[in-house]
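Subject: Structure handover

Hello,

Here is the structure you asked about. Please open it first, then read the notes below.

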Amino acid sequence: MSKEIKKNFGKSASKGRAAGKSSANKSGSGKSGSKFGAAKPSKTFDKKEHDRKIQERKLEKKKKMEAKEAAGDNNKLATFNWYPGHMTKAKRQMQEDIKLIDLVIEIVDARVPNSSRNPDIDELANNKARIVILNKADLADDKLTNAWISYFKEKGFYCLKMDSRKNNGFKELNEIILESCSEKIEKDKAKGIVGRPIRAMIVGIPNVGKSTFINAYSGKASAKTGNKPGVTKGKQWIKIKGNIELLDTPGILWPKFEDQTTGLRLAMIGSINDNILNKDDLALEVIKYLNKYYANNLKKRYEFEDSEIEEAKANYEMAINEETATSLAIMEVIALKRGCIKKGAQADFEKVSNIILDDFRSARLGLVSLERP
Ligand SMILES: Nc1nc2c(ncn2[C@@H]2O[C@H](COP(=O)(O)OP(=O)(O)OP(=O)(O)O)[C@@H](O)[C@H]2O)c(=O)[nH]1
Ligand SMILES: [Mg+2]
């Protein structure tokens, strides 16, 4: 956690406000007043110049803190590592598997359709029919999910949204599969080949719901076609209605950390365990985002008023910017409302962070998407 946040985290409302008051008293006390008032003002003392210097020093301090923060974040990214060994192996396996199939079904998380994609798949799946499934659509903002569907369609993909834990959407998927492979079906026909199954492979980054999808789509009654020596050595195929076969092991791709936000968003939805940021920082990011795009969701869930936030904000004057100060104040107010209080009547930011992340990830803070096309 950044120093700036740490400094402010855990400061209780009452304590913080009291501290603010006492320091204000000091500078404006009778003692200091008499000092400047009674003594003859020094000829060289220039109040304007004095204030300007203080302001300059404050700015310098703020800049240093920001630079330190940025450096800290870069370090965090540098140490974030997706086990390159596994990655290379999985990619090689996928290159082999892709030769056996007609169609790649790519599963992404509807809340982060961009960050949960790996652009390498475009190269790997070159010349294959492509479908993108926006999974976990039950947790995402439907308006944005629909915008993403248009976006992917414009890019030439077939695309649909889904909640893999429910058995709906599969009829539409079957229709899309047939449509996406119509060229292959026509080619087969021309060659006199009838009834050759369409073979598909599921790919996606960890935790997007590949296994859930395969289980739901294949259903309990699905029959594995077993090994087919000579053709698909060691591969298991799952039969789906409509002459479709799925490779039973999905291809696991790794998220691409081209910038810091990718990791941050995946961490926010709980898709990566690695500590890209600690929970307090993650919860702070969630609050920042919600307060910007879904402020009413926050208010509705935690039942607070703007005035309460304004009041608590006095404790976070040292925050790096206004947005951070507001978000820290919101966290404090939620903490106090939820009884997340430490010794000395301090807000327990660690505890409240867990509540906020849990609420966010399970959609108790509403249907929220973190990315817009
Ligand atoms: N709300 C919701 N949860 C889902 C959906 N699909 C999967 N999940 C949940 O997401 C979590 C991950 O699902 P998995 O199917 O294990 O994901 P995976 O892609 O196979 O993950 P790895 O095997 O780790 O690569 C589980 O807790 C699922 O219950 C969905 O459409 N909606
Ligand atoms: Mg799985």
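Which residues in α11 are buried? They are Thr262, Gly263, Leu264, Arg265, Leu266, Ala267 and Met268. A residue is buried if 20 or more other C-beta atoms lie within 10 Å of its own, exposed if 12 or fewer, and partly exposed in between, with C-beta atoms placed from the backbone. Helix α11 spans residues 260-268, and seven of its nine residues are buried. After α11 comes Gly270, which has a positive phi near 85°. Helices (H or I, at least four residues) and strands (E, at least two) are DSSP runs, numbered from the N terminus.

This is a predicted model: local features need pLDDT of at least 70, side-chain atom pairs count only at pLDDT 80 or more, and totals for chains, interfaces and linings use all residues. Residues are numbered from 1 along each chain as its sequence is written, while chains are lettered from A and ligands numbered from 1 in the order in which they are written.

Next, the ligand. Ligand 1 is surrounded by 16 residues, and the closest are Pro206, Gly209, Lys210, Ser211 and Thr212. To count, a residue needs its C-beta atom, placed from the backbone, within 6 Å of the ligand. Helix α10 (residues 210-218) gives the most to this shell, with three residues. The shell has four nonpolar, seven polar and five charged residues. Here Ala, Val, Leu, Ile, Met, Phe, Trp, Tyr, Cys and Pro count as nonpolar, Asp, Glu, Lys and Arg as charged, and the others, Gly among them, as polar.

Then there is the packing around α15 (residues 322-337). The axes of α15 and helix α12 (residues 279-293) come within 9 Å and cross at roughly 105°. Axes are lines fitted to C-alpha atoms, for helices over the stretch in contact, and angles run from 0 to 180 degrees between N-to-C directions. α12 and α15 are therefore roughly perpendicular; angles under 35 degrees count as roughly parallel, over 145 as roughly antiparallel, 65 to 115 as roughly perpendicular and the rest as oblique. The residues of this contact divide into six nonpolar, three polar and two charged.

Helix α14 (residues 306-313) packs on α15 at about 110°, with axes 8 Å apart. In α14, Glu308, Ile309, Ala312 and Lys313 meet residues of α15 including Ala325, Thr326 and Ala329. Contact means C-beta atoms, placed from the backbone, within 7 Å.

Regards

Key: Contact = placed C-beta atoms within 7 Å.
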